[in-house]
Amino acid sequence: MSAKLIQKIDWLSILLYFSLVIIGWLNIYSTTLTDENTSVFNLTLPYGKQLFFIGLSVFLIILVLSVEAKFYERFSSIIYLVSLVFLLGLFVFGKNVNGATSWYAIGGMTLQPSEFAKAATALALAKYLSDIQTSINRLKDQLRALLIIAIPALLIIPQPDPGSALVYASFFFVLYREGLSPLYLFIGLVAILLFVATLIFQSAWVAFGSFAIVLLVFIVKKRRNKRTSVLPYLITLIAAIGFSYSVSFIYNNVFEQRHRDRFGLWLRLEKDPQKLDEIRKTIGYNTFQSESAIGSGGFFGKGYLEGTRTKGDFVPEQHTDFIFSTVGEEWGFAGSTLVVLLFSILLLRLLFLAERQKSQFSRIYGYSVASILFFHFAINIGMVIGLLPTVGIPLPFFSYGGSGLWGFTILLFIFLKLDANRINEWL
Amino acid sequence: MRKLLLSSIVVIIAIVYIGRLSYLQVWNPPTGNLLDDTAIKAIYDYPERGYIYDRNGQLLVANQPAYDVMVIPKDVKALDTLEFCKLLNISKEDFIEKYRKARVYSPRLPSVFVPQLSKGEYALLQEKMRKYEGFYIQKRSLRYYAESTAANVLGYISEVNERDLKKHTYYQSGELIGRQGVEEQYEEVLRGRKGVKFIQKDRFNRVIGPYKNGSYDTLPIQGNDIHLTLDRDLQMYGEQLMVNKRGGIVALDPKTGEILSLVSAPTYDPALLVGRQRSRNYTKLYYDSIANPTFDRGLLAMYSPGSPFKTLNALIALEEEVVNEHTTFTCYHGYRYGRSSFMGCHCNSGARNNMNRGIYESCNSYFANVYRRVIEKYPSPAEGINKWSDHIKSFGLGNYLDYDLPTGKRGRVPGEGEYNRKYGEKRWFATNTISNAIGQGEILTTPIQLANITAAIANRGWYIKPHILKKVGKRDTIAKKYTEKHFTTISPEHFEPVIQGMYDVYNKGTAKWIQVPGIKIAGKTGTVENFTRINGERAQLTDHSIFVAFAPIEDPKIAIAVFVENGYWGNRWAGRIAGLMIEKYIKGEISRKDMEDYVLNGSLEEEYAKPLSGKSFRINDGKDFISINGEKPTIEDER
């Protein structure tokens, strides 16, 4: 920890980080407060534990910043491999908590390796892509990059923790930034659109719509260029229709009813009020409760520690994945908007920092950090305010949990260290 | 472009999320009503409902404890169902059904299992209750009636219905509200204001603690006791006199407009509408369409006023200066008008009647002449009838009297429009309306209106709106409208000859056999023709017996109107009852025991059965079997 570091490090990010951590803890305190007036340091209660986790984070920050910046690049492969070993180890030594074998129990504490694997994967990916021999536009290299991303995700899925695995999709942004053809982006977007459209309308209508759009594009192209071939358009059309029908098949035959209900609720597909009520009590219970808790906050909220639904434990998992509903209820529109803005500013700041890196490794890593945080932020809050289906991933820096907090802290501060080191690189 | 993609998405997501938040939190802001918050439960503390006393401080209505057996289904353990059913006096099937309903309502929340145990049942059950886990007894407060009287005046209380909930935001489902009578009229005074405690609940509906340390909680405000203007003893006496008769008695204090008694017969025991059997009893009473006990005849029944109405015509004629008290008309055993119309009269043919005699003999011819002069004073009968009806309306007829009870009828006072509709404009004359002269025909009044006229005559030209509330709690606060004098259009000096005539009704007229010793009463009999439909055909029934009176003449303390349906002669039933009521009120005891016996023992049930019998029947028969000093009155004396 030199004077140089203190001078060079991005204090705005640090400020935003601590703001989020502190606001997060205040809300965890409110959510898990019991009637007995116990000390905030009480280690048997979530808020006490979280305070302890935050203390440890500060220690971790110092540790992360003290390490030589080059270390992260040099040892990225090893760090990655170690994290894979830990993920693999879960199949043998893992502890089952709430139906998922995602934890190691060490003494009285539990650690969730998947939270750390994100940083490791980001390092490995940055290392691989920044290699002078890697070209993102070569299929072979694309597949290797994909492999780096997919291995941890595939190890996490069977825990089962599909939410955490989904986060690895965020590396797609990184690949795109580093030169992946926009065709992939386009295909991905179209796939999502077709998926949603198939659920809302029927496959037949989607087929009809696809046909109309493809035909329109083809005609426009044909006018400009007489030699436009019909074949690629035909293939696109067949692919789109085939995709839509397979989505329909999978949705109706492979998905279980609870999955269907989840999507049905999300896309407002269920119109029968009685069934809707049923869904609200079962699969949509969390979303419904969190939406009404947030709505009940009004503009200025009910006041800190005054949230009646928070006190009454109406929103399940409120101190972990649904912590944002506490913000909504007690701090109202003003508070929840502030939190959204803090996250957005942090993300934009990180993206700005990433872009100013001279080293490709640092840039890719920084981009990965922003992408991962963005995914968590967007999916978590989207779920809590009822815009996205329920996916169990935490809100970074906010949600209760040691592994999560430490994972995100390490992820962020490695980048801040790299950023603070950026001038040295070319000396 | 590649550099900006993620930044743009971050900005878009932030905007979308803030938009969604503003929709959730600003567009549909919370109502601010604590009760809309599922996490808060309001627990109410109901104050005791105010007692009701009569004008002399005698208790009419108080409260009694009642005991509901409550159940929380999830706490129920195996029990000896048979013994439990026996204690509660219900069948096993009842038990199963009630338990099922309670479960369906909520396994966690208490519901009423058996409402309102009697004291006996409670005593039996109380000791054994701890054996039945999940069941407990909850105390409630019910109305208690000190005397079985004045059901129509007091009203009753029952659970609020959907309509009440929509109308008054104060009430929650399951709460009680006053219905009919004083309970309805003075609901807010009697009820007080419930207190409320807000409790923080969790999602299993369990109580966690007070909401915000009780800073929103309110204490209950006690209901007020009220004193009515009713005289309990007089009311009960009136009800006793009206047993086996139908009709109404309204007695007013003419100087204050206070309602001393408001009897409707037949009546019912107010205690019937309390407790477990309330609903069943109410249905029974409500659907008794023959005796109609829930119909307050004192306020709602519209009858032709008959001969008592003649006093008004006399007053109007004096005021209009078309006659003076010495003007005489000859009666030809009736009054001939038009070519073939004749109004019969019981006066001997050739009798020359002045106003005094006209009143105490109740001469139809005399009043037909007087009325005709009033109408024909004006250039057209339309103007005449309008002038006449203005006078009539100044006595409070033809409109609600604005008394403080929730039901009423306007009655009917015909005007120009009514006859125009019936005969065509300018195609009718005074003679077409001649039955107004004797209070038959188009004119209709309720007993309370007739009592009010009598009070106005007693006061020589003014009345105060009748009312039932004397004081609230210890405060003597009476609404201003019940202290204001309403003056009639008749000058005070015109009342004396009419009152003299009414006095002579007792001295030498139609009420001479029913004099009350020691009290100077002014009265007027009425015998009113009335009709019904039997199998769709109009049929005449025995005349209604009507009487109005006030006493003492110099310093009136009571003005009374009595209607006895199908009682025949005015003095036979109504006259006697009026006399007894007056004596009871002024002297506190009855000296004319013969009259009292006659009324108490008499029954008109046979008369009421006639039109329902399906056989042909005679009307206006039946002998009076009274004798005074060995002298029997003749039919002539009775009219």
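Trainee: How many bridges join E1(A) to strand E2 (residues 100-106) of chain A?

Mentor: This is a predicted model, in which local features need pLDDT of at least 70 and side-chain atom pairs count only at pLDDT 80 or more, while totals for chains, interfaces and linings use all residues. Residues are numbered from 1 along each chain as its sequence is written, and chains are lettered from A and ligands numbered from 1 in the order written.

Two bridges join E1(A) to E2(A), and these strands run antiparallel (strands are DSSP runs of E, at least two residues, and helices runs of H or I, at least four, numbered from the N terminus; strands pair if DSSP finds at least two bridges between them). Within E2(A), A:Trp103 is the bridge partner of A:Lys95. The pairing belongs to an open, antiparallel sheet of three strands in chain A, ordered E1-E2-E3. Its edges are strand E1 (95-97) and strand E3 (109-111) of chain A, each of which pairs on one side only. From one strand to the next, the twist averages 55° (angles run from 0 to 180 degrees between N-to-C directions, and axes are lines fitted to C-alpha atoms, for helices over the stretch in contact).
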